[in-house]
Amino acid sequence: MKKSEKKGGAALIVGLLLCLKAFSWEVDTSLCSPGGIISVKCMADEGIVTGILYGDDRKLSSGEVFALAGDHRLLILPVPCDAEDPAGRVELLFKNGSRESVGVGFSSRDFTAEEIPLNGSMTSLRQSDDPRKVNESRRLWEILSSFNPDAVPSSAFILPVGGARESSHYGDRRIFLYSGGESSRSLHYGIDYAVPVGTPVKAPAAGTVILAVDRKLTGNSMVIEHGPGIYTLYYHLDKLMADEGSRVEQGEIIAESGITGLATGAHLHWELRVNGVPVDPLLFLNRPVVRIP
């Protein structure tokens, strides 16, 4: 695997906490950069139901309001890693059909570029139209796009494999080099940790195991729900150690890392999705995705 150097001068989180007050809701843009989130805190009587994040005129994400303690409500809008707009807006939709917009500014961020050569079998695995891949992708998307307002928000994350070396980063711009000479581009939606087969993988926060299955591309895979629309994913595992439907606690061993599926070496792929959009899990090691007042 050949990698380019990271570009300099870009901060992971840029700017100060900004609370834009409009009526009785607050828009927190402290993590308003690619891979981050925007949070809208409001009261129940405000009547906000859903929200949409736009960059220029392009829809970037959406979300539903869910209940916190007391009469507080929260709306989370993820910022995709390919959001390149310098400014955008949050559009709030109310129960009575009215709408309000708040302008936001996006902090910039640079990402690594990498080339990944694939042998014949890996090329075939990635390029094939195997119905199994299609069905597995459909099931995964149904899970990641589902929203359970009753899911209990959890704490800030811990790393699933401690201080292991990152072999690929969130948001990497990838070029797959196929054995036949063709190539394709993609974005890397998680973090890869270079760890030996059999390394214990720990739950980064408490949650419920929604998926624990062997998949064609990602091998032995697991998905954990940590709150409304908040899921972490674990790919290329050697062994699954938690069953679907089980409750796991932060720090509990849920699996062992491996080299299953489309993997060029032993590693753990760790991913965080909010409302179906991949965001950077490292942004939530010191603060939870859901800040409870």
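**Strand pairing, pocket lining and backbone geometry**

Strand S3 (residues 25-31) and strand S4 run antiparallel and are joined by 4 bridges. These assignments, like those that follow, are drawn from a predicted model. Within this pairing, leucine 31 has isoleucine 37 of S4 as its bridge partner. The two strands form a hairpin with 5 residues between them, and glycine 35 in the turn has a positive phi of about 95°. S4 also pairs with strand S8 (residues 72-78), in the antiparallel sense and over 7 bridges. Isoleucine 37 takes part here too, with proline 78 as its bridge partner in S8. Of the 7 residues of S4 (residues 37-43), 5 are buried, so the strand is largely enclosed by the rest of the structure.

An open sheet is formed by 4 strands in the order S6-S5-S9-S10, with antiparallel pairing. Strand S6 (58-64) and strand S10 (99-105) stand at the edges; each has a single partner strand, so one side of each is left without a neighbour in the sheet. Neighbouring strands of this sheet are turned against each other by 20° on average, direction ignored. Strand S5 (residues 48-55) is joined to S6 in the antiparallel sense over 6 bridges, and tyrosine 54 has lysine 59 of S6 as its bridge partner.

A further hairpin is formed by S13 and S14, with 5 residues between the strands. Glycine 181, in the turn, has a positive phi of about 105°. S13 and S14 run antiparallel and are joined by 5 bridges; phenylalanine 176 stands opposite serine 184 in S14.

The pocket is lined by 34 residues, of which Arg126, Leu217, Thr218, Tyr235 and Leu262 are the closest to its centre. Helix H2 (131-144) gives the most to the lining, with 6 residues. By residue class, the lining divides into 15 nonpolar, 11 polar and 8 charged residues.

Most residues other than glycine have a negative phi. Histidine 236, found in strand S19, has instead a positive phi near 65°. This histidine is buried, with a relative accessible area of 7%, which falls under the 20% limit for that class. Asparagine 275 likewise is not a glycine and has a positive phi, of about 55°. Its place is in the loop between S22 and strand S23 (277-279).

Alanine 266 lies in the loop between strand S21 (253-257) and S22. At 30% relative accessibility, alanine 266 counts as partly exposed, because its value falls between the 20% and 50% limits. Leaving aside neighbours within four places in sequence, alanine 266 is in contact with Tyr193, Ala194, Val195, Pro196, Val197, Gly258 and Ile259. Leucine 93, by contrast, is 173 residues from alanine 266 in sequence and 46 Å from it in space, C-alpha to C-alpha.

How values were computed
Residues are numbered from 1 along each chain as its sequence is written. This is a predicted model: local features need pLDDT of at least 70, side-chain atom pairs count only at pLDDT 80 or more; totals for chains, interfaces and linings use all residues. Side-chain values use heavy atoms; hydrogens and water are left out. On a 1 Å grid over the protein atoms alone, a cavity is a set of points where a 1.4 Å probe fits but cannot get out, and a pocket is an open set with protein on both sides within 12 Å along at least five of seven lines; lining residues have an atom within 4 Å of a point. Ala, Val, Leu, Ile, Met, Phe, Trp, Tyr, Cys and Pro count as nonpolar, Asp, Glu, Lys and Arg as charged, and the others, Gly among them, as polar. Two strands pair if DSSP finds at least two bridges between them. Axes are lines fitted to C-alpha atoms, for helices over the stretch in contact, and angles run from 0 to 180 degrees between N-to-C directions. Buried means under 20% relative accessible area, exposed over 50%, partly exposed in between (1.4 Å probe, protein chains only). Contact means heavy atoms within 4.5 Å.
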